[in-house]
Amino acid sequence: ITFTTKAYSKIYLHAAKYPSNYIGGYLLGKKNDSNFEVVDILPIHHEIPVGPILEISAQIIDKDSDKSSTIIGYYYGNEYAAAIKPVYIESVKDTIERNQGYSIIVEIVDEKLANKNEIFLKTDNKYALKLSQSIELTNEVIDKLLKK
């Protein structure tokens, strides 16, 4: 799984803004052979979501997307994510797989957020995570992302 700077940084900012809340959102991108490329993300919630929020947001994203990228997965995290996997994650994964034929689920590892040089995302052992380029989350980069 390859993340662009934009996608990776936006997940970081979402997690940093709500450090003690359940957060989650859709991963937008494309699949090329056996590699997934995450080009952007859409934060959906910062509390435990109810089903209609996830369903309606997915329909809006699919309708309004430019078709060069689509929903390929979902990310989530909170301060307890390592100990307690939210029950809705499997349902989200199944829905994306039903629509796309594949899906990826990425978990935010809160303990790693403090070290900006360490990858703070993890997935199951099926996929390796990598960045499309080296990312240094400096104040300048964060300010630039917030202005977009």
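Predicted model: local features only at pLDDT ≥ 70, side-chain atom pairs only at ≥ 80, totals over all residues.

Is Tyr 26 buried or exposed? Tyr 26 is buried, at a relative accessible area of 3%; buried means under 20% relative accessible area, exposed over 50%, and partly exposed in between, with a 1.4 Å probe and protein chains only.

Residues are numbered from 1 along each chain as its sequence is written, and side-chain values use heavy atoms, with hydrogens and water left out.

Tyr 26 belongs to strand E2; strands (E, at least two residues) are DSSP runs, numbered from the N terminus. Seven of the ten residues of E2, residues 23-32, are buried, so the rest of the structure largely encloses this strand.

Let me turn to its partners. Two strands pair if DSSP finds at least two bridges between them. E2 runs antiparallel to strand E3, residues 35-45, with nine bridges joining them, and Gly 24 has His 45 as its bridge partner in E3. With strand E4, residues 70-77, E2 pairs in the antiparallel sense over seven bridges; there, Leu 27 is partnered by Gly 73.

Finally, the rings. The ring centres of Tyr 26 and Tyr 74 are 5.6 Å apart and their planes stand at 75°, so the pair is edge-to-face (centres within 6.5 Å, planes over 60 degrees apart). Tyr 74 is buried as well, with a relative accessible area of 0%. Together with Tyr 88, Tyr 26 and Tyr 74 form one aromatic cluster.

Terms used
Helix = DSSP H or I, 4+ residues; strand = E, 2+ residues; numbered from the N terminus. Phe/Tyr/Trp six-rings, centres within 6.5 Å; stacked < 30°, edge-to-face > 60°.
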